[in-house]
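Hello,

Here is the structure I promised to pass on.

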Amino acid sequence: MTIVTCVAPVNMAVIKYWGKRNEDLILPLNDSISATFNVEYMRAKTTVMASPTFKENKIWLNGKEESFENPRLLHCMKELKQRAQKGNDVINWNIHVCSENNFPTAAGLASSAAGYACFVYAVAQLYAVEGDITGIARKGSGSACRSISGGWVQWHMGHLNDGSDSIATQFASVSHWTEMRILTLVVNDNRKKYSSTVGMRRSTATSSFLKHRADSVVTERVLNIIKAIKEKDFKTFAEITMRDSNQFHAICLDTFPPFMYLNSVSMTIIELIHAYNDFYGTPKVAYTFDAGPNACLFLLEADVPEVVALIQHIFPSDVAPVEYFKGIPVHHQN
Ligand code: 2P0
């Protein structure tokens, strides 16, 4: 028997991926940019065992057995086997996979990203796959390609029909902006009503705002936010991050029929952050929300104590909108 265990971090997009131009290959309508969390705080952990005695492939997610006959899982397996080192017997053995997250699954906290990144990374180790594997992780879940590298990552939409240039690359390392912190505010850890896959399919089919975003907005934003991150220009970074989150949620409302991931607590957080930034006359905190009501706040280390105190004052524990609350340095380990 051969066993490999890996951990992969959650990533949080500051320029959002929303909409595909090819559903089978999971090719996005636009580039996206993300920060990778510290793997000690929010991560998936996956153990893959391969044995010639296993009669079939099996997978358990957070202790519950799930079907291995999942087209995305099978797609990743097929590619990993094609890329495996020749003469490696392990690829002919069945595998058992156990994966668990240390944060709410499917509550808009990028659980599928960390999960697929970890699965692909672990099986790639088992099969001694060399070279880029972000394109394989992408076929499990689009955003998973951004959880293979640490630090600050760009997922290039690519332009080739076969998707071979739709990969993720790191453009700034973990140690580049050491003062950066992320606070995660868990407003609600229920499973979301509309999965990202279904939501973005509906938006792609019905939202003219999404088309405008992909054609005329994102390219410039990507260039500007990369420059801001490289220059540690928090003001520009914060403004682009908040605008891009807002545009993504506006597209959800522009979808027909519309849907909304934010709730009233999310909206209160948005108003609070703008009031706080207005008080200082400059952005001190940037919010961003994925496909759920939970907030991610980006801020600099020196401002963490005051912002934590403010959040705890506005949302006292009896209301408890904040269940998971930690200063998270942007960081990554394999
Ligand atoms: C992102 N999200 O950039 C955006 C922002 C959610 C909102 O990537 O269909 O779970 O598996 O490719 O990767 C969630 O999308 O969707 C996502 P699929 P995925 O992080």
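Among contacts in the protein between residues at least 6 apart in sequence, what percentage join residues at least 24 apart? The figure is 74%, where two residues are in contact if their C-beta atoms, placed from the backbone, lie within 7 Å.

Before the rest, two notes. This is a predicted model, in which local features need pLDDT of at least 70, side-chain atom pairs count only at pLDDT 80 or more, and totals for chains, interfaces and linings use all residues. Residues are numbered from 1 along each chain as its sequence is written.

Now the overall form. The C-alpha trace spans about 65 × 40 × 40 Å along its principal axes. A compact globule of 334 residues would have a radius of gyration near 20 Å, and the protein agrees with its 20 Å (taken over C-alpha atoms; the globule rule is 2.2 Å times the number of residues to the power 0.38). Of the 334 residues, 47% count as buried, meaning that 20 or more other C-beta atoms, placed from the backbone, lie within 10 Å of the residue's own.

The protein has eight helices and 15 strands; these are DSSP runs numbered from the N terminus, with helices being H or I of at least four residues and strands E of at least two. Five strands form an open sheet with mixed pairing, in the order β1-β6-β9-β7-β8; strands pair if DSSP finds at least two bridges between them. At its edges, β1 (2–9) and β8 (64–66) each pair on one side only. Within the sheet, β7 (residues 58–61) runs parallel to β9 (residues 94–101), paired over four bridges. There, W60 stands opposite C98 in β9.

Best wishes

Terms used
Buried ≥ 20, exposed ≤ 12 C-beta atoms within 10 Å, placed from the backbone.
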